[in-house]
Every structure is written in structure tokens, then in C-alpha cells.
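User: Hi! Could you walk me through how this protein packs together?
Analyst: Happy to, here it is.

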Amino acid sequence: MTENTQPSNIIPRIVFMGTPEFAVASLDALVQAGCNIVGVITAPDKPAGRGMKLTESAVKKYAVEKQLHVLQPLKLKDPVFLSALKNLQADLQIVVAFRMLPEVVWNMPPMGTINLHGSLLPQYRGAAPINWAVINGEKETGVTTFKLQHEIDTGNILLQDSFPIGEDETAGEVHDKMKEIGARLLVKTVEGLANGTLTEMPQEAEGRRPSYDKASAGEAAENTQLKHAPKIFTETCKIDWTHSVIAIYNLIRGLSPYPAAFTYLNDKMLKIYKAKKELHTAPKSAGSFETDNKTYLKFAGSDGYIYVTELQLEGKKRMSIEEFLRGYRFA
């Protein structure tokens, strides 16, 4: 297209790749916007539950309901899958909450492959951006659409949108807001790519946000240290009661509802989903607990207490603190 040519509204052929509920919101937004979804790639059915019955991914359930063409490759480099993908003749591929793609896949369509990421890139690159933003006590997060390239989460940025994180919001609550905001941003991105009005912006290594991001519009971008969002492991979830109450509270919020922060009570794992914090007290030794056996159970941090309000003891169901205390006998 020459410089004087007006952009034309082309309806690209799109292949969508995603697996969990988070991705369904994006796929649905694209369908509702009238996008031409020629194929949906999702995870193979997996055995789940007591009967180990084969269970479809959330994305597959939606795609089948909408009569979209579904592919479920075991391996993304399988020649049979690659041939089937090529035959779909996609102009554009979209990835939302899917596994890492080999270059032979992401480099296939002429318009490239775009990803929706749950942070304001370049901050919080990695597998768990929502969790780490809450764990680190961030007051703001957002979503980014960008072009895939070799290094994970480093491709050119297309669009971003930011939103606040409430002081008491959990990762689950942020997730639910983000999937809707991200879905809308994705539709805007596809529209911009189709009519040629989007400009790709390279990510800056030191963590400077693109100047067109509305959260920083009119302000000089500041150099900030990059924060990462690695996969959450079991050791990440164990509460260290020698930390400050704020840090512990943020950890609980950032891991709720899954995989959940935990401690031990009489040698049994106790997952904490919701809590309240009390600062400026003179607690006993860190990790010690107090209870009235009826309404509260509180653990001491370094500078106050964490009051547990929703929990799950190993081998039991998730319940409120009142339910728990009615049936639990402390040693």
C-alpha cells in the first residue's frame, strides 16, 4: 500500500488459539464483532474428575456450540497438524492463554500472530502476570496486544489498556475484569490491523511504557526496573509469617482462588483464600495464632495480624471461618 492509498477494510481469515475460560471471552468478542474465525486451536480433551471422564476445554465447548472448526493437536510441530493449519489459509492468528508456539506456527500467516497478555508490557512478562501484579501490591495493571516473536512476551506492542487494582481485590477478581477488558482490546486490535491504522511499537528493554498508553499519556515515561511474572510454584505459595502483614495479605490476594497461599495448622496444610489485616499491634512470635473458637482465627506477622475469613484445611472443603471453627478442635 502506497503512502497516499486509503486503508481498506479487509476482513482477515483468523485462526484463534486458546484453552481456558479467560480465552473464551476473547473468542466470543471476536465472533460477536463479526470476525471471520476459520479455525480454533485448543488443548486435547483430558481425563478429569473421579471417573476420569474426558473433559473438553472451555474454548472447545464454546467453539463447538458456535459450530467453529476445531483442531486439538498433541504436538504443535506434528506435520499432520501443520498441514491442517496451513490449509485454513489464515491471514492472522490470535493467541490467548495458550501454550508456547514454535516459529513454524507463529510465523505462518502473512499478517503474523498476535497475543493478548495480562499486563502492561514490558512489565510482568511471563506465565503469571495477574498473580504477581497483586502479590507485589501494584495499584494498576492492564492488557497488551502484541506481535509474537522469538523471545517470550517481547514482540512489538499494538495496543494497551490499563485499569486499577483495588486494595482488597484478589487475583481472581482482577482476572474476571481483565478478560472482558482484554476481549474488547483484542477486537480493536483486529480492526486496526484490518484497516491499516495500527503502528507497531517496539518494547523498550529498560521497562519504559509506550507513550500512547492512556495511563501515561501526557507524562514523561520513566525508566523503571522490569518486574517478571514467572510460573507459580508450591514454594511461592507458602506463607512466611516473618514478613510484613501487608506483604502476607498481598500474597493471599495474589494467589486466590488458585493455587492459594498456605500455612500449616497442627501439621495439616491450611489454604487461605480470604483474610483481613490488622496493623500496628504488638503480636506474639511470627506464625503463632490466636482464636476464640467461634468467630476468629488470626496469625501473627512481623507487624500485626492476619485474620483468616475463608479457608480450606487439608482433606476438607473450602469454608468460612465460622463454619470451620464450629467443627474444628484445636490441639
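Analyst: One term before we start: contact means heavy atoms within 4.5 Å. Also, this is a predicted model.

User: Great. Which residues does Phe 324 touch, not counting residues up to four places away in sequence?
Analyst: With those neighbours left out, Phe 324 touches Leu 265, Leu 297, Leu 311, Leu 313, Met 319 and Phe 330.

User: And how many residues are in the largest nonpolar core?
Analyst: That core has 71 residues, and Leu 30, Ile 94 and Phe 324 touch the most other members. Helix 6 (residues 171–195) gives the largest share, ten residues. There is also a second, separate core of 20 residues, with Leu 71, Leu 82, Val 95 and Leu 121 among them.

User: New topic: how do helix 1 and helix 2 cross?
Analyst: The axes of helix 1 (residues 21–32) and helix 2 (residues 58–65) come within 8 Å and cross at roughly 25°. Angles under 35 degrees count as roughly parallel, so helix 1 and helix 2 are roughly parallel to each other.

User: Which residues meet there?
Analyst: From helix 1, Glu 21, Ala 23, Val 24, Leu 27, Asp 28, Val 31 and Gln 32 meet Ala 58, Val 59 and Tyr 62 of helix 2. Sorted by type, the residues of this contact are seven nonpolar, one polar and two charged.

User: Last one: how many residues of helix 8 are buried?
Analyst: Eight of the ten residues in helix 8 (residues 245–254) are buried, including Tyr 249, Asn 250 and Arg 253. The buried residues of helix 8 pack against several elements, among them helix 5 (129–135), helix 6 and strand 14 (304–313).

Key. Residues numbered from 1 in each chain as written. Predicted model: local features only at pLDDT ≥ 70, side-chain atom pairs only at ≥ 80, totals over all residues. Heavy atoms only, no water. Axes fitted to C-alpha atoms, helices over the stretch in contact; angles between N-to-C directions. Helix = DSSP H or I, 4+ residues; strand = E, 2+ residues; numbered from the N terminus. Parallel < 35°, antiparallel > 145°, perpendicular 65-115°, else oblique. Nonpolar A, V, L, I, M, F, W, Y, C, P; charged D, E, K, R; others polar. Core = buried A, V, L, I, M, F, W, Y, C linked by side-chain atoms within 4.5 Å. Buried < 20%, exposed > 50% of the residue type's maximum accessible area, 1.4 Å probe, protein only.
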